[in-house]
Amino acid sequence: MSALIDRPTAGRLSRHVEHVMGMPISIALRGRHADTTTGHRAWTAVLDQLREVDRIFSTYRDDSIVNRLDRGELDLDQCPREVAEVLDLGREAERQSGGAFSICLPTTHGRRRLDPSGVVKGWAVERASHLLSDLDDTDFCLSAGGDMVCHTADVERPDWRIGIENPRNPRMLIAVVPIRSGAVATSGTAHRGQHLMDARTGLPVHGVASVTVVGSSLTWADIDATAAYAHGAAAASWLSGRPGRTGLVVWPDTTTTIVDGRSTLAG
Amino acid sequence: MRRIVIWLASTVTVVVLLFGYRTSTNGTSVSAESSVVIPSTAAAAPTSAPSGSSSSGTSSAGGSTSSGSTSSSSTPSRSPGSSSSSTATHTGSVVQTRWGPVQVQVTVTGGTISAVDVLQYPQGNGEGQQINAYALPILVQETLSAQSANIDMVSGATVTSDGYVESLQAALDEAGI
């Protein structure tokens, strides 16, 4: 599906959406390649790369590399090199989050299950977005199920405006983030019921409704949103300790806390 | 010109919210805005000549991190006493903020602000570029729809393909708003 819209301020905007990895992948393009063959080719390449990621990392596919690795049918050195990269990221995220985030999740059977999903999405979309930043003089916003990379190539064009869902009423917005180039990721349970757990306990998280993180890297914005969420009522205090991350924590009563870590950036 | 100055003095202090930031890092309070007030007090320069003049005022900041006084110069494009469609630009002086120098210009046409331009904003260092790369989330009215907020994408709890049809993002993708 796609749409072309003329907007006087931003120029021509083209939108497309396809479903990969069980989630909608939405793109908005503006600028030179918003509607060129080159632009379409880049979008196709993004989708191809994400489909390949799904074949390797999906925990829903019995025959995925990650599930075979988890069952001991493969050794790590038999896997594509991306697997080791993602597992390293997962270990680093676990360390930096004090264990609230983990890619080895507790199960009811007592055994820990390998589930790198919490790392894979942000990492995969950030990697795929490089295919779009190669497009000359073209702005894009690439979103996978609500987590996105934004890029503005021309200073004359306006910021991308990202609406943040109200976790208590996902048809409404609670905030808007103006962003030129960077990433926005939100963790919460509005669409899937209680699926986020504190990896330290294996129990569902309480005390927070959603966490949005804005930063330069989607890989880390996504990890931090999930890790902050896993901290429950301590979400904002944990997030405020992360350098360079800006964010919005929405509490169960829809009150909010804005976290601004930009001043903690080095250099 | 005089008319505009008086109008400005009597009706409005122009506050340009350039960007907001918080002044503490404990994450428990909402943001303070850094603001620059365009001086507009005719009283401060009651004897100024109508053919363009300067007036002075002060800048203030919602946070505690920018300070300093500003002055503005006004450059009417038409002679005083012309019709209400006359245009004048008011340029604030450069204000030092914690992120770097900021300067704004307001254009008044027919007694109404028709444009606010940021002539100078922090960009000389890596930190300034980071600040410009993304801003703080801006809270919106609970009743604000995606359409009226003029947004490009929606960030929320992960939307699955099953739930997508019901999502705001789907509405955006279909309607192209």
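Predicted model: local features only at pLDDT ≥ 70, side-chain atom pairs only at ≥ 80, totals over all residues.
Which residue with a positive phi follows H3(A)? I looked, and it is A:Gly98, with phi near 65°.

**Helix H3 of chain A**

I checked the length of this helix next. H3(A) covers residues 81-96, and its 16 residues should span 22 Å at 1.5 Å a residue. I get 23 Å between the end C-alpha atoms, so the two agree.

Then I asked which residues of H3(A) are buried. My list reads A:Val86, A:Leu89, A:Gly90, A:Ala93 and A:Glu94. They sit on the same side of H3(A), because the arc they cover around the axis is only 135°.

What do the buried residues of H3(A) pack against? I found three helices of chain A there: H1 (37-57), H4 (117-133) and H5 (218-230). On the face turned away from the buried side I noted the exposed residues A:Arg81, A:Ala84, A:Asp88 and A:Arg95.

**A sheet with strands from A and B**

I traced an open sheet of 4 strands, ordered E9(B)-E9(A)-E8(A)-E10(B), with mixed pairing. Its edge strands come from chain B: E9 (138-139) and E10 (153-155), each pairing on one side only.

I zoomed in on the chain A pair. E8 (residues 160-166) and E9 (residues 169-179) of chain A run antiparallel to each other, paired over 7 bridges. Opposite A:Val176 in E9(A) I found A:Gly163.

**Chain B overall**

I counted 4 helices and 10 strands in chain B. Reading from the N terminus, the order is α-β-β-β-β-β-β-β-β-α-β-β-α-α. Chain B has 177 residues, and 31% of them count as buried. I also looked at contacts in chain B with a separation of 6 or more: 41% of them join residues 24 or more positions apart.

**How confident is the predictor?**

For chain B the average pLDDT is 55, and 29% of the residues score at least 70.

I flagged residues 1-83 of chain B, where pLDDT stays under 50, although the model has 171 contacts beyond four places in sequence for them. Residues 124-131 of chain B are below 50 too, with 15 contacts beyond near neighbours in sequence.

Last entry: for the complex, the predictor gives an ipTM of 0.87 and a pTM of 0.67.

How values were computed:
Residues numbered from 1 in each chain as written. Chains lettered and ligands numbered in written order. Helix = DSSP H or I, 4+ residues; strand = E, 2+ residues; numbered from the N terminus. Buried ≥ 20, exposed ≤ 12 C-beta atoms within 10 Å, placed from the backbone. Contact = placed C-beta atoms within 7 Å. Expected span 1.5 Å × (residues − 1). Arc of directions from axis to C-beta. Pairing = 2+ DSSP bridges. pLDDT = per-residue confidence, 0-100.
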